[in-house]
Amino acid sequence: MKWSREPAKIKTSRLRFNNHRFARRIMTHLQLSNMNLKTQISLLIYLVLYAVMLGFSLSSLIILKPFLYTENNESYIICNDTSRFEIGPNFIFAFENKLDPVNDAKARKLCQYKIISDYSNVYETPKNTNYKFYPVLKQESSWANAIFIFFIMVNIAAICIEFIANRLLTVSDDFRFGKVFTNLIKDLCG
Amino acid sequence: MRLIGVTLLEIILGFIIFTVFLYNPSVRYFCRRQIEIKVYNYQQSVKKNGYFSIPQDEAYIQTLVPKMVRECLQAEGVDK
C-alpha cells in the first residue's frame with residue numbers, strides 16, 4: 001500500500017512547485033512584487049472584472065449566432081394534382097426540412113380531400129404520399145449582428161469597470177488596458 | 001510591455017471563465033431561443049388567414065419542444 005501512494009505524493013508536490021514557479025514568473029514579469037497589498041488586490045479585482053466581462057461578451061456571440069429555420073408562412077406543398085398550398089395557414093407546420101408523421105398525415109388529407117384541421121380523424125389518411133414539400137429556409141440573426149453586440153457589450157462594460165476603477169480601485173495606469181475603450185468613447189463624443 | 005502582458009493574461013482568463021462557467025448556459029439559452037423562434041414563426045403563419053393556432057396543435061408542439069431542445073444541444077455538443 002505504501003508503495004502505491006508515494007509516487008502520487010511526489011507528482012502533487014512537483015505540480016505545486018511548478019505552479020509556484022509559474023506564478024513567480026508572472027509576478028516578476030509584471031513587477032507585481034514591488035506593489036503593496038492594496039494595489040495587488042485592486043489589480044486582481046480589476047482583472048477579474050474584465051475577465052468576467054469578456055466571458056459574458058463571448059456568451060453573447062453564442063446566444064446570437066445565426067441559424068436556419070423553416071419559414072412556415074412561405075413554405076408550401078404541391079400535390080400530385082398540381083394544386084399548391086402554403087403550409088402554415090393550413091395548420092401544417094415544419095420545424096425541420098421535412099414534415100413529421102402528424103403533419104405528413106395533414107398534408108396527405110389536404111391533397112386528397114382538400115380539408116384542414118381534421119383533428120377527430122373523420123377522414124382516412126391516404127396510404128401513399130401524394131405531395132412534394134418545398135421548405136423555404138430563412139436565417140435568423142447573423143455573425144455581423146453577434147459581433148456588433150459583442151463589441152457594444154465590451155465597450156459598455158469597459159466604461160463601467162473604468163468608472164469603478166477610477167472611484168474605488170488603486171490600479172496603476174500601466175495596467176489600465178481598458179482606458180483604450182474610454183478614450184475611444186471620449187474621441188467619438190468630441 | 002507590461003500592458004501587453006496584462007492584456008494577454010486578461011484574454012486567457014476571460015476565455016477560461018467563458019469555457020468553464022458560461023459556455024454551457026449560453027448554448028442552452030441559444031437552443032431555447034432557437035426553438036421559441038421556430039414555434040413563434042408557426043403561430044404567426046396561422047394568423048395569416050385570421051385564425052388562432054388550434055389547441056391540439058399547441059399541445060402537440062409542447063410535446064415536441066423538449067425533443068427539439070435535446071437535439072439542438074446534441075448538435076452543439078453540450079448534451080451527449
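The structure is a predicted model, in which local features require pLDDT of at least 70 and side-chain atom pairs count only at pLDDT 80 or more, while totals for chains, interfaces and linings use all residues. Residues are numbered from 1 along each chain as its sequence is written, and chains are lettered from A and ligands numbered from 1 in the order in which they are written.

Chain A contains 5 helices and 5 strands, where helices (H or I, at least four residues) and strands (E, at least two) are DSSP runs numbered from the N terminus. In sequence order, these elements of chain A give the pattern α-α-β-β-β-α-β-β-α-α. Of the 190 residues in chain A, 22% are buried; a residue is buried if 20 or more other C-beta atoms lie within 10 Å of its own, exposed if 12 or fewer, and partly exposed in between, with C-beta atoms placed from the backbone. Of the contacts in chain A between residues at least 6 apart in sequence, 60% link residues at least 24 apart, a contact being a pair of residues whose C-beta atoms, placed from the backbone, lie within 7 Å.

Within chain A, helix 2 and helix 4 (residues 143–167) pack at an angle of about 160°, and their axes are 9 Å apart. Axes are lines fitted to C-alpha atoms, for helices over the stretch in contact, and angles run from 0 to 180 degrees between N-to-C directions. Helix 2 and helix 4 of chain A are therefore roughly antiparallel (angles under 35 degrees count as roughly parallel, over 145 as roughly antiparallel, 65 to 115 as roughly perpendicular and the rest as oblique). Residues in this contact include A:Y46, A:Y50 and A:F56 of helix 2 and A:F150, A:M153 and A:I161 of helix 4.

A:T182 is located in helix 5 (residues 179–189) of chain A. This residue, A:T182, is partly exposed, with 18 other C-beta atoms within 10 Å. Apart from neighbours within four places in sequence, A:T182 contacts A:A158, A:I159 and A:E162. A distance of 9.3 Å separates the C-alpha atoms of A:T182 and A:I156, which are 26 residues apart along the chain.

Chain B has 2 helices and 0 strands. Its C-alpha trace spans about 65 × 30 × 15 Å along the principal axes. The radius of gyration of chain B is 20 Å, whereas a compact globule of 80 residues would have a value near 12 Å; the radius is taken over C-alpha atoms, and the globule rule is 2.2 Å times the number of residues to the power 0.38. Buried residues account for 22% of the 80 residues of chain B.

The axes of helix 1 (residues 2–46) and helix 2 (residues 55–76) of chain B come within 9 Å and cross at roughly 140°. That makes helix 1 of chain B oblique to helix 2 of chain B. Among the residues that meet are B:V27, B:C31 and B:I35 in helix 1 and B:V65, B:M68 and B:C72 in helix 2 of chain B.

The contact between the chains takes 32 residues from chain A and 33 residues from chain B. On the side of chain A that touches chain B, helix 2 (37–63) and strand 1 (67–70) are the elements that give two or more residues. Helix 2 of chain A gives the most to that side, with 11 residues.

Note on methods. Contact = placed C-beta atoms within 7 Å.
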